[in-house]
Every structure is written in structure tokens, then in C-alpha cells.
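Dear colleague,

I am handing over the structure below, and after it I have set out what was found. Please keep it open beside this message as you read.

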Amino acid sequence: MGQDRNEDPAALFGQGAVPEPPTAPWAPARTPDGQPDVQGVWRPVDGGTQSLERAMSSGEYFDELATGVRKDYPSRIIDSEDGHIPYQSWAAALQQELEAVYENPTRPEHIDTQTRCLGPGVPRLYYFPRFRILQPAGSVVFVWDQYHSFRVIPLDGRPHVSPRIKLWSGDGRGRWEGNTLVVDTTNLNAKSRLDVIGDFFSDQAHILERFIFIDGTTMHYEATITDPTVFTRPWTMQVVQRREPDEEFWEYACHEGEHDAARTSSQFIDSDVGDR
């Protein structure tokens, strides 16, 4: 009998059909200590820290206010169908309160930490405009032009610092799994926010970060946040990163002594934009 044209090709593998060859993983150059060499300047494809559930910049948010046209922006949350952060009820109410007052603050805590020129923290730094990766022996170093922020991630298996020590960007310990850098981050002080509108976690949060290098120009940053005091379950966000031309960073000093936070916030209209 002749072959049925509608027959499933998968059923023909034992009859001489040849499956597609697997895609070979990216084979990067190596640093002297054997790390995948991913050094250089990286930038989020969709930058901006206005919101997690609608990944937009402050400039795009102000455009919405000016035009009255609400656009569809994707959520950074990748492990829920609705794209929402799984807050406990009390935490959802607090976040809504912060979002309602951030445009017309009456107390310092109403003003986003970014506008007050405080450290953005982790994971928020990774949806900032750009950062540089350096790889001295035994560690991975991240450097941002904004806020003079940096992280040094040791790869030697050393333990975390004492839980009594709380830090803006936490205490990160890294390891390589193939072309993925896995960073276990603890000891967060929770003084920073996740975005402008007030999404937050507590100082009990534990973040597992994965820097997944797809090829020489593409990296997926994923952060899974576990904090049973605030959320109903662990949840994961993703920010796609693209390699940029390697150039010198300009010095960035936030608002350089300006005390008017309301006027200062306009600085982020342009500086907080990605490559959308």
C-alpha cells in the first residue's frame, strides 16, 4: 500500500524518516578561570521600573497620562496566567495604598525609593537601562552607571554572611550551570521597592536569580522570589537582556543635590526607557 499523506511523521521514524538534528548550545569563549565569557554591556529589551505587571518606563507612563490612551504592556511575571504578583490579602491592600498615593505623596515613605536616590536593589537593578559584566578570577561583577551601584558575586562556594547583616542588594553566591549563572541571594534589607508603584517584599525574602545566556547577544534574567510573609507562593519574573556596544559609562549622580523630589522625578522620563 502507498503511504497515507496524512500519516503522522513521528510514526515514520522507524521507517527511515530522519528527525531534525538538535540545536547545538551556544559555545562561548572562556575566561582564564573557565567561566563562559559574557563580559560587556547589557541592557533590558523592555526597560523601565514603573510597574512589574505592566512592563513600562516612566516616560511611557507619562505618555499615557498625557494622551489618555492606555496601552497593553506585557507583565514581567512569567509563572501565572494572569501576570499578577501573588500577594497575601494584607500585602495587596498595602501595595494598592502605595500606588494610590505615589503621585501626590504626603509622607516620605510615599515617595518611591528610586526618586529619593536610594539604592534600587535586586532584582530591580536588572530592569534599569544598562549594566556592565566583569569576570575577574573566581567571581562575576555587575556595575551600573546609575546610583554607582555594583554587585560582586563570588563563585567559590563560600557561605552567606550572618543573617543579622541586611543589605540593599542582598548577599549573592553564584555558580555556573552550563551557560547559566545561578545566584542565590539572601540578606535583603527590603528598603527598596520592586517598582515605582510600590510592589514590595520583606526582609525575609529569598531570591534565586538565573542569568541564562542564550547566545553572544541575548540573555534572559529570571528571578524567583520566595517570601511567605508577603506572598501566597514563590513567583518568577523575567527580563530579556541584549548585549550593547562596549563603551564607557558616563557618570550618573541621580539629582545631584536637588531636594525637590517631585521635580526630580522628571529625570526618569528619559533615563528609564528601554529598547521597546
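Is Arg-130 buried or exposed? At 13% relative accessibility, Arg-130 counts as buried, where buried means under 20% relative accessible area, exposed means over 50%, and partly exposed lies in between, with a 1.4 Å probe and protein chains only.

Before going further, please note that this is a predicted model, in which local features need pLDDT of at least 70 and side-chain atom pairs count only at pLDDT 80 or more, while totals for chains, interfaces and linings use all residues. Residues are numbered from 1 along each chain as its sequence is written, and side-chain values use heavy atoms, with hydrogens and water left out.

**Salt bridges**

A salt bridge here is a side-chain nitrogen of Lys or Arg within 4 Å of a carboxyl oxygen of Asp or Glu, and by this rule the count comes to twelve. One of them joins the side chains of Arg-130 and Glu-247, at 2.9 Å from N to O. Arg-130 lies in the loop between α2 and β2 and Glu-247 in the loop between β9 and α3 (261-264), so this pair ties together parts that are 117 residues apart in sequence; helices (H or I, at least four residues) and strands (E, at least two) are DSSP runs, numbered from the N terminus.

Another salt bridge is formed by Arg-233 and Asp-79, whose closest N and O atoms are 3.4 Å apart. This pair links distant parts of the chain, with Arg-233 in the loop between β8 and β9 and Asp-79 in the loop between α1 (58-67) and α2, 154 residues apart. Arg-233 is partly exposed, with a relative accessible area of 30%, and Asp-79 is partly exposed as well, at 32%.

**The nonpolar core**

A nonpolar core is a set of buried Ala, Val, Leu, Ile, Met, Phe, Trp, Tyr and Cys residues joined through side-chain atoms within 4.5 Å. The largest one has 40 residues, and those with the most contacts inside it are Phe-142, Phe-211, Ile-225, Trp-235 and Met-237. Strand β8 gives the most to this core, with four residues.

**Helix α2**

The buried residues of α2 are Ala-91, Gln-95 and Leu-98. They cover an arc of only 60° around the axis, which puts them on the same side of α2; the arc is that of the directions from the helix axis to the C-beta atoms. The face turned away from this buried side carries the exposed residues Ser-89, Gln-96 and Ala-100.

With best wishes
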